[in-house]
Amino acid sequence: MRKTVHESVKNFYTEAAKKTAKELCCPIAYNEDDIKHIPKDAIEIAYGCGSPVTLAGVEAGDAVLDLGSGGGIDCFIAAKYVGKNGRVIGIDMTDEMLNKAKGISKAAAKNLGYDVVEFKKGLLEDIPVSDETIDVVTSNCVINLSPDKKKVFKEIYRIMKNNGQFCISDVVSDKDVPEEMQDNERLWGECISGALKESEFIRLAKGAGFYGLEMIKRYFFKEVNGIKFYSITVRGYKFKKNPKCIYIGQHAVYNGPFKSIQEDDGHEYPIGVPVEICTDTAEKLARPPYK
């Protein structure tokens, strides 16, 4: 099945680009102010499960990359946040979607007053972008379509700048999806067959090197063959450590309300107790999500 996943998904979304596939449209309410500069054509083929852009903390001047950009709606939303000095890249493997997005882009840029969006053809497992050049990576219900999600997370880590972040919306399941469902091409296209369990999604992100993972949103999507599927939005961060821990007398104190907490590196912070920390940890704790 793995050899045909890309091709079957590409064919599925080629048709979805030509004619709106209503069964793929989730009940998402976009903020009117975020999309008022975007032509209707892009909104009609927006097949995500919750736009992550507004939750990603995108700032003016950022370089943002959207994986599986489709008709480009999340790229055009991001363009408004990065401003005229920022940069937005949309990556998709489907020619029909890329052509649609590029056509829509001209009108969106004219309405916005500047053009900072570009679209590139590529796979999630082999992103055509240089190392450590992106501040924020977003993806809207697309990683589940990849046959090699471990490689996708490694690629996201590769292209992301130090202290960058991802904000990803995707579909996960409460049970492992059986092989007979994984062999169903239509269920792949409908974001069902390729869904991971939520715990496995988090494990792969952490395994790629990301820390400070946050579950921002979760809601029920649908039930298929007794398996419940949920839409989640997850945020994670990149931080490159120094080769050695350096201690210069810095301490951290946890203020509560829990008895104690433990972060990704295994440091535990009992409430009200100063804990000596290295310079790397001090930098981490001074930044989101710990700040």
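So, a disulfide here is a pair of cysteine sulfur atoms within 2.5 Å. By that cut-off, this structure holds zero disulfides. Cys191 is in none, and the nearest cysteine sulfur, that of Cys141, is 3.5 Å away. Cys278 is in no disulfide either; its nearest cysteine sulfur belongs to Cys245, 4.2 Å away.

Quick note on where this comes from: it's a predicted model, where local features need pLDDT of at least 70, side-chain atom pairs count only at pLDDT 80 or more, and totals for chains, interfaces and linings use all residues. Residues are numbered from 1 along each chain as its sequence is written, and side-chain values use heavy atoms, with hydrogens and water left out.

Back to the cysteines: are they buried or exposed? Buried means under 20% relative accessible area, exposed over 50%, partly exposed in between, with a 1.4 Å probe and protein chains only. Cys191 is buried at 4%, and Cys278 is buried at 5%.

Now the rings. Phe, Tyr and Trp rings (the six-membered one for Trp) pair if their centres lie within 6.5 Å; planes under 30 degrees apart are stacked, over 60 edge-to-face, the rest tilted. That rule gives nine aromatic pairs. Take Phe166 and Phe210: their centres are 4.8 Å apart and the planes sit at 90 degrees, so they're edge-to-face. Phe166 is buried at 0%, and Phe210 is buried at 3%.

"Over" means NZ of Lys or CZ of Arg within 6 Å of the ring centre and within 35 degrees of the ring normal. Likewise, the charged end of Lys284 sits over Tyr211's ring, 4.3 Å from its centre.
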